[in-house]
Amino acid sequence: MSDICVKLFKEGWFETDCGGEYDPKISRMKKEVVVGVKDVKEVDNDFFLVVVKILDHQGPLSTSFPVENRITSIPPRALKTHLDKANGLPFVKRISDFHLLLLLSRFFDVNSDVPALCQCVQLQSTVPEGYQLLIQSMASAT
């Protein structure tokens with residue numbers, strides 16, 4: 001919603017009791033307002049909307065690991081397959097996947113290990129060797 005809409009609402013310009021037929025696309029005003037160089041008491045709600053441009057965002061996380069949900073489970077070999085696909089990349093890049101981090105949170109301590117891994121992903125810093133060995137052994141065990 002636009003700032004003008006919020007301001008008008010706070011100042012009590014909108015009718016709160018429409019007294020009859022209600023149209024969710026129209027805002028009824030207590031006083032006349034100027035919209036498109038006309039004084040009106042009914043305003044199309046689209047007038048109060050603000051167009052927000054959606055930009056593509058490229059961040060450090062990928063989403064190629066299988067999505068975890070309630071209907072299907074992650075295949076046992078998914079971790080190995082995922083790590084093998086990105087074999088030439090630094091380990092931090094290989095684990096920089098939101099859904100992979102969710103999977104790891106089921107096996108690692110969420111109060112210490114998961115935040116440490118997430119910080120490595122956020123900063124794109126080297127993952128400690130112990131975590132690398134544990135994750136690779138989990139992948140090899142399947």
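Visitor: Leaving aside neighbours within four places in sequence, which residues is Ile95 in contact with?

Guide: This is a predicted model. In it, Ile95 is in contact with Leu83, Leu100, Leu101, Leu117, Val121, Val127 and Ile135.

Visitor: What makes a residue pair a contact?

Guide: The cut-off is heavy atoms within 4.5 Å. Ile95 meets that criterion with Leu83 and Val127, among others.

Visitor: Which residues have the most contacts inside the largest nonpolar core?

Guide: They are Ile95, Leu117, Val127 and Ile135, in a core of 21 residues. Helices H2 (78-85), H3 (91-94), H4 (98-104), H5 (113-123) and H6 (129-140) each supply at least two residues of this core.

Visitor: Why is Ser2 called buried?

Guide: Its relative accessibility is 10%. Buried means under 20%, so Ser2 counts as buried. Ser2 is in the segment before helix H1 (3-10). Not counting residues up to four places away in sequence, Ser2 touches Phe48 and Val50.

Visitor: Why does Cys5 count as buried?

Guide: Cys5 has 9% relative accessibility. The limit is under 20%, so Cys5 counts as buried.

Visitor: And Cys118: why is it called partly exposed?

Guide: Its relative accessible area is 32%. Buried needs under 20% and exposed needs over 50%. The value for Cys118 falls in between, so the label is partly exposed.

Visitor: How do you know that Cys118 is in no disulfide?

Guide: The nearest cysteine sulfur, that of Cys120, is 9.2 Å away. A disulfide requires sulfur atoms within 2.5 Å, so Cys118 is in no disulfide. The structure holds 0 disulfides.

Visitor: What makes E1 and E2 a pair of strands?

Guide: Pairing takes at least two bridges. Strand E1 (residues 26-35) and strand E2 (residues 38-44) are joined by 6 bridges, so they pair. They run antiparallel. Val35 stands opposite Lys38 in E2, and Ile26 stands opposite Asp44 in E2.

Visitor: Which residue takes a positive phi in the hairpin of E1 and E2?

Guide: Gly36 does, with phi near 60 degrees. The hairpin has 2 residues between the strands.

Visitor: How many helices and strands does the protein have, and in what pattern?

Guide: There are 6 helices and 2 strands. Read along the sequence, the pattern is α-β-β-α-α-α-α-α.

Visitor: How does the radius of gyration stand against the value for a compact globule?

Guide: A compact globule of 142 residues would have a radius near 14 Å. The protein has 26 Å. Along the principal axes, the C-alpha trace spans about 70 × 30 × 30 Å.

Visitor: Into which domains is the protein divided, and what separates their centres?

Guide: Domain 1 covers 3-47 and domain 2 covers 77-141. Taken over C-alpha atoms, 53 Å separate their centres.

Visitor: What share of the residues counts as buried?

Guide: Of the 142 residues, 27% count as buried.

Visitor: And what share of contacts joins residues at least 24 apart?

Guide: The share is 42%, among contacts between residues at least 6 apart in sequence.

Technical notes:
Residues numbered from 1 in each chain as written. Predicted model: local features only at pLDDT ≥ 70, side-chain atom pairs only at ≥ 80, totals over all residues. Heavy atoms only, no water. Domains from an automatic or database assignment. Helix = DSSP H or I, 4+ residues; strand = E, 2+ residues; numbered from the N terminus. Core = buried A, V, L, I, M, F, W, Y, C linked by side-chain atoms within 4.5 Å. Buried < 20%, exposed > 50% of the residue type's maximum accessible area, 1.4 Å probe, protein only. Rg over C-alpha atoms; globule rule 2.2 N^0.38 Å.
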